[in-house]
Amino acid sequence: MTTALDANLKENVRLLGNLLSDVIEQDLGAQFIEKIVTIRTLAKQARAQQAHPAELIEYLKDLADDDITPITRAFNQFLNLANIAEQYHDVIRGRRNDGEAFLEHLDSVLQDMKGKLNAEQIQQKLNALNIQLVLTAHPTEVTRRTLIGKYEHILNALNGLDTQPFEYERKQILDNLKRVVAEIWYTDEIRQQRPTPEDEAKWGFAVIEGALWQAIPRFYREVNTLLAEHDLAPMPLDAVPIRFHSWMGGDRDGNPNVTAKVTSNVLMLGRWMAADLYLRDLGELVNDLSMEDCNDTLRAVVGDVKEPYRHLLHEVRQRLRETQQYTQDQLKGNTGNRNKGLYHFSSLIEPLQLCYQSLLDCNMGIVANGKLLDTIKRAHTFGLTLCPLDIRQESTRHAQVFAELCDYLELGNYLEWDEDTRVAFLLKELQSKRPLLPNHWQPSSEVQEVLDTCRVIAKEDPSCFSSYVISMARAASDVLAVALLMKMCGRETPMPVAPLFETLDDLTQAATSINTLLKIDWYREYCAHKQMVMVGYSDSAKDAGQLAASWAQYRAQEDLVKVCDQYGIELMLFHGRGGTVGRGGGPAHSAILSQPPGSVRGRIRVTEQGEMIRFKFGNPEVALRSLQVYMSAVLQATELPPPEPQPQWRDMLDELSSIAVKSYRAIVREHPDFVSYFRNVTPEQELGKLALGSRPAKRKASGGVESLRAIPWIFAWMQIRLMLPAWLGSEKALKDKIEEKHLSTLQTMAEQWPFFQTLVDMLEMVLSKTDKGIAQYYEHRLIATDDPTQTAKHELGSALRDRLQQAIATVLQIKQQTQLLENNPTFRHSMAVRNPYTDPLHYLQAELLLRTRSQGENVNPNLEHALKVTMAGIAAGMRNTG
């Protein structure tokens with residue numbers, strides 16, 4: 001049944017599509033529009049008839065080179081506009097129509113909590129929430145920042161069309177809308193240069209400025225309103241259940257572009273932006289707080305002056321301006337300016353809270369709880385740096401420091417020492433009062449960079465940084481090495497160190513490594529009985545396949561909780577999730593609720609990566625919903641967790657995992673033609689030309705699939721609609737268990753165990769985006785069919801497509817459905833709307849890959865640009881990149 005909301009979505013998609021067509025016709029003429037219409041019609045006909053699109057493919061092959069780029073651009077931009085209409089439908093208009101639906105999840109959780117806790121206990125649980133969202137610069141945002149801003153204007157215009165009552169206003173909005181669509185069409189959608197790490201940080205700050213700065217105070221207002229309805233007190237002024245952190249400018253794992261100097265610059269940029277945002281707030285507050293009445297505390301601070309609130313806030317404004325000047329000087333290399341201005345959080349929050357309390361004492365609560373309260377909530381959320389930085393570096397880089405140092409000091413070969421010897425050495429030096437670093441030691445440039453980074457950390461205020469993440473961590477010595485580096489470089493207060501366990505083996509051994517660490521009395525004191533551990537999703541899935549990796553992550557969390565409980569340590573689990581299923585992605589609410597019972601405990605840390613930052617936090621309304629989802633899900637997982645899985649279910653996952661990982665690795669690691677097939681049929685090699693982010697696509701310049709990062713690995717398979725990383729291995733495991741008469745057990749698990757339910761649901765979702773016909777077409781065009789030396793690759797491709805069909809069949813059996821997404825018609829309709837636009841891009845991409853590869857070094861730049869546009873368009877059509 002089509003609802004009014006669904007009808008509005010179709011109307012908006014049609015409106016934006018028509019506006020784009022009008023703009024393109026004005027630019028390229030009616031004949032060009034006829035070509036687009038023909039392509040779209042042929043694609044629709046092929047889908048409707050479920051037939052091979054031979055006529056569409058022949059039409060696309062006959063296109064002149066000059067037509068290919070504008071046609072790919074047209075289809076790409078339609079998909080982007082459809083995404084905007086869907087986002088508006090899902091969030092803004094949906095929320096307005098549903099009234100209180102915005103907080104329905106939180107309302108339901110609070111109602112359930114009232115059945116088991118008293119008001120004071122609920123208040124304590126709310127105030128203790130610790131949700132940390134980490135914005136990362138992972139290169140999965142294919143859309144230029146320039147266009148993101150224009151898409152935001154379109155979102156606002158759709159809202160305006162729904163809410164403006166007068167016809168002349170509607171016409172004005174439509175005119176503005178058409179102008180923005182024209183601006184988009186005349187803007188190159190492909191970045192010509194890679195962003196620098198500073199550029200990536202600025203993009204992160206822009207998300208805070210454009211969305212979160214508005215969303216945060218609104219979020220707390222709505223939460224407090226809901227609390228009042230439940231007869232609960234509002235959250236305290238300094239309660240910050242949700243905080244934002246960043247890897248942008250701090251993540252140097254495999255990215256030589258992130259240096260100590262870059263990290264220092266990003267800190268200055270963050271301070272400048274924070275000061276600028278607070279100055280805007282204070283400008284309004286100075287204008288509003290013109291009252292004379294104040295309490296004795298404020299009077300004692302400002303003296304006998306008129307308009308005491310303005311007087312105090314003027315001083316804060318002046319110090320913020322000094323902060324801006326200081327950060328500008330630092331960025332320009334002018335180190336002579338020592339006046340840091342307002343550099344400590346207390347210097348900002350104390351005057352604001354002084355004004356707030358004075359207004360309350362003078363019976364002006366209505367004023368206090370207006371813009372001033374909003375600024376106070378922003379201050380507690382964002383501080384003076386907007387989002388503290390994590391530093392991330394690979395474990396071997398730290399080992400290299402001590403290898404060179406020990407060699408210079410003639411202490412032995414650190415790299416050859418066993419774990420016990422390393423731990424003993426590191427502990428001895430950590431507890432020693434003498435310095436370890438020689439004054440005249442000249443290490444390698446790689447070691448010097450690690451030391452320079454640690455010195456930046458030591459020099460800056462501790463509030464600038466949140467944690468030090470060690471990628472590819474394997475042992476307790478990895479953590480102690482970072483602690484010693486901090487001491488050597490002058491950090492006076494302990495910095496939280498988070499080992500990141502990424503591969504299947506490392507996840508399996510994670511609890512053992514942490515147990516070894518926590519046995520050490522000195523370390524338990526050092527970490528203040530708190531430990532963060534990061535669970536890697538992307539690399540574990542690339543290493544072992546999605547099913548085996550998911551189960552290893554689940555078990556690792558269970559074991560880590562037990563170990564930390566044994567030592568009385570407060571564990572913070574840090575989930576390194578990506579946007580796609582193959583990298584741990586999926587709806588946040590179901591993902592949190594599928595965690596092991598007892599593992600959340602009111603605290604969780606999660607990465608928000610690339611395009612997912614825009615999808616979740618790119619607009620104030622969208623951000624509001626995302627914040628509510630996180631808060632309600634963490635509360636529910638903490639206070640109303642699902643029951644423990646039954647022993648036979650755990651046994652089943654052990655068996656499924658064992659079968660899946662062997663099946664996955666038999667193809668990805670052991671099949672002699674797999675790497676060649678992967679590179680022939682996907683645009684993996686060409687993806688490197690897309691200027692997505694500052695870091696290289698590979699950790700090492702040389703190397704095969706094993707050195708490829710998880711993002712291009714996922715991106716490449718998504719482009720040809722095979723989505724292999726998300727399902728390979730799962731189909732074999734599930735099929736085997738169904739043939740062994742365990743179907744009813746699997747169905748029960750999918751109904752009653754949130755972890756397995758989410759696993760199957762995400763598998764279903766990603767399978768719904770696959771298309772074996774399109775995948776086969778890439779193979780047909782890009783691997784010669786008449787060459788006997790290529791027969792093995794064609795056989796591999798055929799086998800993979802058969803296995804894809806098996807994956808679909810097993811999911812349908814487990815979910816007891818006749819078609820994928822049977823219970824999610826909205827998502828199914830969304831994909832149906834996109835297919836006539838994504839299908840031509842796939843066939844054009846295969847043709848462009850063939851043409852550009854045949855041209856060798858002398859690639860036609862227009863064709864190469866068109867190829868990049870097809871990649872961006874398909875990513876938009878699939879609504880994810882990597």
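Reply: Start with strand 3 (residues 389–394), where 6 of the 6 residues are buried. Keep in mind that this is a predicted model.

Me: Which residues of strand 3 point one way, and which the other?

Reply: Leu389, Ile391 and Gln393 point one way from strand 3. Asp390, Arg392 and Glu394 point the other way. All of them are buried.

Me: What makes strand 3 and strand 4 a pair?

Reply: Pairing needs at least two bridges. Strand 3 and strand 4 (residues 465–471) have 6, so they pair. The two strands run parallel. Across from Arg392 stands Val469 of strand 4.

Me: Which residues have the most contacts inside the largest nonpolar core?

Reply: They are Phe244, Tyr309, Leu386, Phe402 and Tyr414. This core has 166 residues.

Me: What does Tyr414 touch, beyond its neighbours within four places in sequence?

Reply: Tyr414 is in contact with Ala399, Phe402, Ala403, Cys406, Arg422, Phe425, Leu426, Ser477 and Ala481.

Me: How do you know whether Leu405 is buried or exposed?

Reply: Leu405 sits in helix 15 (residues 395–408). Its relative accessibility is 0%. The cut-off for buried is under 20%, so Leu405 counts as buried. Leaving aside neighbours within four places in sequence, Leu405 is in contact with Leu436, Leu437, Pro438, Trp441 and Met488. Leu405 and Gln442 are 37 residues apart in sequence. Their C-alpha atoms are 9.6 Å apart in space.

Me: How do you know whether Glu55 is buried or exposed?

Reply: Glu55 lies in helix 3 (residues 54–61). Its relative accessible area is 58%. Exposed means over 50%, so Glu55 is exposed. Glu55 and Asp654 are 599 residues apart along the chain. Their C-alpha atoms are separated by 48 Å.

Me: What about Gln50: buried or exposed?

Reply: Gln50 has a relative accessible area of 76%. That is over 50%, so Gln50 is exposed. Gln50 is in the loop between helix 2 (30–49) and helix 3. Its phi is near 50°, a positive value in a residue other than glycine.

Me: Why are helix 34 and helix 35 called roughly antiparallel?

Reply: The axes of helix 34 (residues 772–782) and helix 35 (residues 791–815) cross at roughly 170°. Angles over 145 degrees count as roughly antiparallel, so the two helices are given that label. Their axes come within 11 Å.

Me: Which residues meet between helix 34 and helix 35?

Reply: Lys772, Gln776 and Glu779 of helix 34 meet His794, Gly797, Ser798, Arg801, Leu804 and Gln805 of helix 35. By class, the contact has 1 nonpolar, 5 polar and 3 charged residues.

Me: What makes strand 7 largely enclosed?

Reply: Strand 7 (residues 570–576) has 6 of its 7 residues buried, so the rest of the structure largely encloses it.

Me: Which strands pair with strand 7?

Reply: Strand 6 (residues 530–536) pairs with strand 7 in the parallel sense, over 7 bridges. There, the bridge partner of Lys530 is Glu570. Strand 7 and strand 8 are joined by 2 bridges and run parallel. At least two are needed, so they count as a pair. His575 has Val606 of strand 8 as its bridge partner.

Me: What joins strand 1 to strand 8?

Reply: Strand 1 and strand 8 (residues 603–609) run parallel, with 7 bridges between them. Leu133 has Val606 of strand 8 as its bridge partner. Strand 1 (residues 130–136) is itself mostly covered, with 6 of its 7 residues buried. Strand 1 also pairs with strand 2 (residues 242–246) in the parallel sense, over 5 bridges. Ile131 stands opposite Ile242 there.

Key: Residues numbered from 1 in each chain as written. Predicted model: local features only at pLDDT ≥ 70, side-chain atom pairs only at ≥ 80, totals over all residues. Heavy atoms only, no water. Core = buried A, V, L, I, M, F, W, Y, C linked by side-chain atoms within 4.5 Å. Buried < 20%, exposed > 50% of the residue type's maximum accessible area, 1.4 Å probe, protein only. Contact = heavy atoms within 4.5 Å. Helix = DSSP H or I, 4+ residues; strand = E, 2+ residues; numbered from the N terminus. Axes fitted to C-alpha atoms, helices over the stretch in contact; angles between N-to-C directions. Parallel < 35°, antiparallel > 145°, perpendicular 65-115°, else oblique. Nonpolar A, V, L, I, M, F, W, Y, C, P; charged D, E, K, R; others polar.
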